[in-house]
Amino acid sequence: MIWYPYEQMKTMRDPYEIVDAEGVWLYTKEGRMIDSISSWWSVIHGYRHPALTEAIVKQARQFSHVMLGGLTHEPVRRLSDKLAEWLPGDLDYCFFSDSGSVGVEVALKMALQYFINRGERQRTGILSLTHAYHGDTFKTMEAGDDEDYHFILEACGEKKDVIHIPTEIPALEDAFARFHTKLNCLIVEPLLQGAGGMRMYDVSFLKRARQLCDRYGILLIFDEVATGFGRTGNRFVADLVQPDILVLGKALTGGYIGHAVTVANRKVYEGFYSDDPAHALMHGPTFMGNALACSAALKSIELFETEGYMDRIAGITEITRREMEGLSDPRIEEVRILGGCVCVEVKDAKTLQGYQQYAKERGVFSRPFLNYLYAMVPYVILEEELICVLDCMKDWFRR
Ligand SMILES: Cc1ncc(COP(=O)(O)O)c(C=O)c1O
């Protein structure tokens, strides 16, 4: 019996059974539909891409996995070298793990232990944003700000180590002034808060955050699990403002195999580098650096670099702006567009009831949540396919 995510099993409708997938298309026995959300924002090259399949198969013929405890291999070495070269500045030190949530856990642990290694044990505090989402494991839930999780955390006691602030510079300045002696990090989903409602904010907030982190010696963590690899219209938001620790997941492998990486800059890495064994980072997921995942990631990055993905994303933004212009309805609160993400926020969540079935009948797979109807399409989408997704969203309000 499969236990499905985020669902009340007693009342959930049957999931659509996928029998095949290619490009942006998901195939059921009855027909096909465009995946307008890229399997939770990960499948940027679309499905069954021959180069990605080939990279995985080729590696599987050698070996699929060996642990990184006492062993290493070429795909993981090549991937860490590639990321070090590709990512800005001295974000060079790659710690791999098996999912975005674990990647963020590692980042939070790194920030805490960085200060413990320096003898500053009182710095247990985390500064985070309202509406933040950083994953489903316990510490990431705590760093997040999701109503749905509050009851679980309340059962364990107060969220004593986390302070949430809105994406407003005065609130940021105030939090640093008041709490800087107990903070070890500020963690953000930069520019685009995904699961918290596709909320977009300005880079000036991140620039100020960088200045304040520098002034007070606090680590800045960018959770780019969702925003990385072009989703905001930037390759990485880290290209605009450099964090101390960067977490990537989802599209890291083109969405083909679950994997994540927590990348530290030199300062953070050197905080662990010593003759004292107790200063080592005590973490080691079994599947970290999985050879199939690393091979997929290397190929995914190669495609991203050689096939003009940043131009494709700019094209998606342009078409989306053009097509969504003028959409207005009394039930709509706001239409937001950034890079390869569009969100129609409605005033009342009931407005979106029935949308998923409506979209399916029009050949689009969508999964609105709460008050948010959104699309984050694979970057290989054709103009007419994208227009089909956007028309579906618009026509829902015109019925
Ligand atoms: C910003 C962010 N961080 C972390 C995660 C967790 O990633 P995973 O589902 O791979 O654990 C997600 C997933 O949606 C995310 O959007």
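Colleague: Which elements each supply at least two residues of the lining of the largest cavity?

Modeller: This is a predicted model, in which local features need pLDDT of at least 70 and side-chain atom pairs count only at pLDDT 80 or more, while totals for chains, interfaces and linings use all residues. Residues are numbered from 1 along each chain as its sequence is written, and side-chain values use heavy atoms, with hydrogens and water left out. On a 1 Å grid over the protein atoms alone, a cavity is a set of points where a 1.4 Å probe fits but cannot get out, a pocket is an open set with protein on both sides within 12 Å along at least five of seven lines, and lining residues have an atom within 4 Å of a point. With helices (H or I, at least four residues) and strands (E, at least two) taken as DSSP runs numbered from the N terminus, the elements are α11 (309-324), β14 (341-346) and α13 (383-398).

Colleague: What volume does the largest cavity have?

Modeller: Its lining includes I316, C341 and L390, and by class it has 8 nonpolar, 3 polar and no charged residues (Ala, Val, Leu, Ile, Met, Phe, Trp, Tyr, Cys and Pro count as nonpolar, Asp, Glu, Lys and Arg as charged, and the others, Gly among them, as polar). Grid points are joined across faces, edges and corners, and a volume is the space filled by probe spheres set on the points. For the largest cavity that volume is about 50 Å³.

Colleague: Which element gives the most to the lining of the largest pocket?

Modeller: The largest pocket has a volume of about 1400 Å³, and of the 45 residues that line it, the closest to its centre are Y6, W40, Y133, Y149 and A195. Two or more lining residues come from each of α1 (38-41), α4 (100-117), α6 (147-155) and β16 (372-375). The element that gives the most, with 5 residues, is α6.

Colleague: How much of the accessible area that the ligand has on its own does the protein cover?

Modeller: Polar contacts are pairs of N or O atoms within 3.5 Å: an oxygen atom of the ligand is 2.8 Å from a polar backbone atom of G100, and a ligand nitrogen atom is 2.7 Å from an N or O atom in the side chain of D223. A polar side-chain atom of K250 lies 2.9 Å from an oxygen atom of the ligand. Of the 390 Å² of accessible area (Shrake-Rupley method, 1.4 Å probe) that the ligand has on its own, the protein covers 82%.

Definitions and conventions
Polar contact = N/O pair within 3.5 Å; in protein donor to acceptor, adjacent residues only side chain to side chain.
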